[in-house]
2 protein chains.
Amino acid sequence: MPLTPKGAATRQRIVEGAAEQIREHGVFGARLEDVMARTATSKSQLFHYFPGGKDDLLLAVARYEADRVIEDQQPELGALTSWGAWWQWRDKLLARYRAQGANCPLHTALAQLGRATDAARTVTCELLAQWQRQLAAGIRHLQADGATDPRLDADREAAALVAGIQGGVLILMATGTTTHLEAALDSGLARLRGPAADRAGLAGS
Amino acid sequence: MPLTPKGAATRQRIVEGAAEQIREHGVFGARLEDVMARTATSKSQLFHYFPGGKDDLLLAVARYEADRVIEDQQPELGALTSWGAWWQWRDKLLARYRAQGANCPLHTALAQLGRATDAARTVTCELLAQWQRQLAAGIRHLQADGATDPRLDADREAAALVAGIQGGVLILMATGTTTHLEAALDSGLARLRGPAADRAGLAGS
DNA sequence: CGTTTTCTGGACTTGCCGGTCCATTTTTCG
DNA sequence: CGAAAAATGGACCGGCAAGTCCAGAAAACG
């Protein structure tokens with residue numbers, strides 16, 4: 001199915017509109033009608049671009065959001081080559097979630113498990129894996145520089161970090177406070193940094 | 001509204017049945033009909049015991065599950081007075097989630113945000129707070145025994161632990177593997193334990 | 001033992017929302 | 001310019017599941 005520029009634009013508009021809708025009202029409160037209204041499209045367009053119906057659209061949104069999560073952390077996440085970079089990444093991540101508040105794209109995908117199951121699950125896993133991979137790379141970099149304990153299992157520590165972040169965001173969604181996310185990040189980084197000294201306040205961004 | 005023993009039993013049966021249904025099929029895949037079939041009750045009974053309808057029932061389930069989450073970690077969680085107790089708690093928690101796999105009662109509540117919003121949010125927050133409180137108490141105990149760095153902020157570390165656990169469970173739900181949950185727990189405990197030595201394999205339960 | 005309250009059964013209503021269909025307009029391209 | 005393909009509009013259908021209602025069975029209670 002060839003897509004004319006116009007078509008591609010519409011499709012994109014739909015995905016973005018749906019993403020917004022979901023961010024604001026959750027996956028459950030995302031009726032096709034709302035998306036239609038928000039994006040000024042008709043039902044036939046939705047089904048034209050997403051023949052698989054709602055699941056299809058949701059999957060596209062999941063992919064879209066998954067990409068954004070990673071992108072929003074760049075370039076820091078991709079170049080965790082010094083402690084400075086790590087702090088900057090930490091601050092950026094925190095700022096991002098603090099700003100957006102009650103939403104986690106991961107949940108967009110996650111909440112779908114059981115519908116577009118396999119596909120959504122794949123997207124989620126891929127996102128997590130990519131995230132973890134980049135963190136692990138950063139840890140290895142620190143190790144190579146002798147900036148952290150070389151005996152640490154980089155992958156495992158990265159996994160722990162990712163878990164902490166996810167949990168922090170989850171709790172942010174539930175409670176509206178970023179304390180847990182902060183705690184998870186700071187505690188995780190402190191562990192990497194070693195027993196030396198914890199980072200008391202939050203230094204320069 | 002006084003409840004006869006029979007009535008109370010029925011009500012309880014409904015809550016438990018609904019909880020099961022949700023565990024197996026998610027909050028979305030939990031139709032009242034399913035609950036009725038599973039608990040051998042009729043629709044009028046549902047609305048008799050939960051006048052507020054589905055939201056009301058869901059809230060009751062959230063409360064029920066929240067209690068279980070804490071209870072299932074006892075007595076260890078309530079008496080984290082030694083490293084041994086901490087490891088046992090770790091193993092118990094891991095076993096619990098490994099067994100139940102694709103479910104997190106917290107999500108039961110969480111997914112409702114936007115429906116029975118305030119009430120569900122309260123339940124969730126209370127659960128988190130309680131969890132964190134008990135962990136913090138355990139950390140303070142370690143500090144009192146000189147078993148861990150007294151400079152650590154117990155509340156903050158407890159918050160980080162809770163976040164790691166939540167994220168680990170979340171990822172368990174998405175991927176089916178417990179690696180992240182394990183990593184979060186082990187990394188968190190290792191941090192408490194100090195730079196001394198990480199716990200390589202998983203020692204005695 | 002009879003009345004009152006609680007409990008139970010299940011038919012019925014209602015509204016929502018995903019999905020289908022076809023007619024119409026707009027774009028592409030030889 | 002004209003046919004084919006793509007894009008759009010919106011009426012319509014159908015089913016599902018929440019919620020309502022009333023009638024009848026079973027307890028409670030004096």
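Q: Is B:Ile165 buried or exposed?
A: B:Ile165 has a relative accessibility of 1%. This is a predicted model, in which local features need pLDDT of at least 70, side-chain atom pairs count only at pLDDT 80 or more, and totals for chains, interfaces and linings use all residues. Residues are numbered from 1 along each chain as its sequence is written, chains are lettered from A and ligands numbered from 1 in the order in which they are written, and side-chain values use heavy atoms, with hydrogens and water left out. Because buried means under 20% relative accessible area, exposed over 50% and partly exposed in between (1.4 Å probe, protein chains only), B:Ile165 counts as buried.

Q: At what angle do helix α9 of chain A and helix α9 of chain B pack?
A: Both helices span residues 179-193, and their axes, lines fitted to C-alpha atoms over the stretch in contact, are 10 Å apart. The contact is made by A:Ser187, A:Ala190 and A:Arg191 on one side and B:Ser187, B:Ala190 and B:Arg191 on the other. Taken between N-to-C directions on a scale from 0 to 180 degrees, the angle is about 65°.

Q: How many residues apart in sequence are the parts that A:Arg96 and A:Asp72 tie together?
A: The two side chains meet in a salt bridge (a side-chain nitrogen of Lys or Arg within 4 Å of a carboxyl oxygen of Asp or Glu) with an N to O distance of 2.5 Å. A:Arg96 lies in helix α5 (residues 83-100) and A:Asp72 in the loop between α4 (54-71) and α5, so the pair ties together parts of chain A whose separation in sequence is 24 residues.

Q: How far apart are the closest N and O atoms of A:Asp149 and A:Arg151?
A: A:Asp149 is partly exposed at 27% relative accessible area, whereas A:Arg151 is exposed at 66%. The two form a salt bridge, and the closest N and O atoms are separated by 2.8 Å.

Q: What is the relative accessible area of B:Arg90?
A: B:Arg90 and B:Asp91 form a salt bridge of 2.9 Å, N to O. B:Asp91 is buried at 14%, and B:Arg90 is buried at 2%.

Q: Which residue of chain B belongs to the network of salt bridges with A:Arg90 and A:Asp91?
A: The whole structure holds 30 salt bridges over all chains. One network links A:Arg90, A:Asp91, A:Arg98, A:Glu182 and A:Asp186 with a residue of chain B, B:Arg156.

Q: What share of the 205 residues in chain A is buried?
A: Chain A has nine helices and zero strands. Among its contacts between residues at least 6 apart in sequence, 66% join residues at least 24 apart. Buried residues account for a share of 53%.

Q: How many disulfides does the structure hold?
A: A:Cys125 is partly exposed at 28% relative accessibility, and B:Cys125 is also partly exposed, at 28%. Counting pairs of cysteine sulfur atoms within 2.5 Å, the number of disulfides over all chains is zero.

Technical notes. Helices (H or I, at least four residues) and strands (E, at least two) are DSSP runs, numbered from the N terminus. Contact means heavy atoms within 4.5 Å.
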